[in-house]
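Reader: I am new to this structure. Could you walk me through a few of its features?

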Amino acid sequence: MDAQRLLDTFLELVTIDSPSGHEAGVADYCTHILRDELGCTVTVDDAGELMGSDTGNLCAVFGGSSADSPEIILTAHMDSVMPCLGIKPQISDGVIRSDGSTVLGSDDKVGIAAILEALRCLKEEGGDHAQVCVVLTIQEEVGCCGAKAFEFTRSQEGVPCYVLDMDGTPGAAVTAAPFHYQLRATFTGRPAHAGVEPEKGISAIEAASQAIVLMRQRGCLGRIGEDETANIGTIEGGTADNVVPAECRLVGECRAFEREAVETIVDSMQACLQEAADAYGARLEVDWDNEFSGFSLDDTSPAVELFSRAVTSLGLTPTFQTSTGCSDANVFFESGPEPLVLATGMTDFHSTSESLKVADLETMTRIVLALAREAVRS
């Protein structure tokens with residue numbers, strides 16, 4: 001591994017502006033390395049046109065050391081959360097940060113940099129290694145939109161898939177993530193002058209508020225169980241202080257690791273919404289969106305077993321955990337591959353305090369390289 005080249009690649013990547021919907025600069029940078037330098041077959045799908053980005057998902061295939069080499073999939077996303085324009089990375093005492101006015105962008109450019117350097121090492125060092133399919137997605141930060149539009153081949157069902165997109169020390173991995181439903185509800189009441197004839201109105205805000213109270217009373221809001229949560233994130237309605245509000249909109253969500261559990265929460269929240277609307281005589285419109293499906297891998301999963309061998313081969317101890325967050329892995333699980341989300345060393349991501357240790361960037365790259373080599377030893 002060329003540590004300086006790896007660091008330079010990461011620093012170059014984070015200085016390329018790539019808010020969600022504007023990932024073309026990163027895609028062009030990666031295409032140059034993957035196709036022109038490494039000889040990969042590179043394609044870009046039509047997800048950009050579908051999702052409103054200036055590029056699609058990038059897919060590159062790096063051939064194995066032999067015709068019958070097994071395959072692994074490595075993925076990361078190209079977009080960053082705002083504020084991510086004009087990032088100025090700085091290094092002090094082995095830690096990379098921004099200048100404090102932006103995020104650093106290690107989410108998820110540490111993943112991209114590690115993949116690129118690992119493939120460079122495979123080409124330069126030779127030896128036995130797996131075929132590597134690289135998938136770099138768009139618009140992950142706004143709902144994994146790129147992943148939802150990406151199509152794996154039928155032959156990639158069950159293939160170990162490593163999503164390089166988690167905080168924490170490299171060597172850790174997430175083996176399970178929740179089912180996630182999003183709620184959008186609109187209460188429609190009847191407007192009236194609040195100072196002259198308020199009794200003629202039906203307050204949509206009151207009805208919506210009562211629904212939230214019922215959810216709390218009946219245990220379907222907040223932390224419901226150890227791995228089950230629900231939340232109302234926004235409430236909006238009304239037009240003026242002297243008008244009984246005729247409309248109120250709620251947006252919320254619920255999560256659980258088991259499908260039956262999350263559907264029970266959905267049913268309970270729905271019942272509270274309807275009961276409150278009926279009590280006030282308001283009309284209710286509700287839209288539930290199954291935003292993400294959950295996934296769970298056990299110790300016998302090929303993805304888990306390969307990761308354990310790769311990390312152990314480096315003298316590290318693999319650790320496994322569950323996460324209540326969602327990522328491209330939730331989407332990919334439905335598409336066929338076996339996704340494992342890997343910790344990359346990013347810290348305080350999604351904030352201007354975000355940081356990354358240079359040592360963690362190097363360790364993450366060694367893990368990726370070990371995955372490709374260990375895959376042929378199974």
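Predicted model: local features only at pLDDT ≥ 70, side-chain atom pairs only at ≥ 80, totals over all residues.

Reader: Is Glu258 buried or exposed?

Author: Let us start with where Glu258 sits: in the loop between strand S12 (247-256) and helix H7 (259-280). A residue counts as exposed when its relative accessible area is over 50%. Glu258 has 56% relative accessibility, so Glu258 is exposed.

Reader: Now the aromatic rings: how are the rings of Phe150 and Phe152 arranged?

Author: The count comes to four aromatic pairs. In the pair of Phe150 and Phe152, the ring centres are 4.9 Å apart and the planes stand at 80 degrees. Planes over 60 degrees apart fall in one class, so this pair is edge-to-face.

Reader: And what kind of pair do Phe295 and Phe333 make?

Author: Their ring centres are 5.9 Å apart, with the planes at 35 degrees. Stacked needs under 30 degrees and edge-to-face over 60, so the pair of Phe295 and Phe333 is tilted.

Reader: How many residues apart in sequence are the parts that this pair ties together?

Author: Phe295 belongs to strand S14 (residues 295-296), while Phe333 belongs to helix H9 (residues 328-335). Phe295 is buried at 4% relative accessibility, whereas Phe333 is partly exposed at 31%. The parts tied together by the pair are apart in sequence by 38 residues.

Technical notes: Residues numbered from 1 in each chain as written. Heavy atoms only, no water. Helix = DSSP H or I, 4+ residues; strand = E, 2+ residues; numbered from the N terminus. Buried < 20%, exposed > 50% of the residue type's maximum accessible area, 1.4 Å probe, protein only. Phe/Tyr/Trp six-rings, centres within 6.5 Å; stacked < 30°, edge-to-face > 60°.
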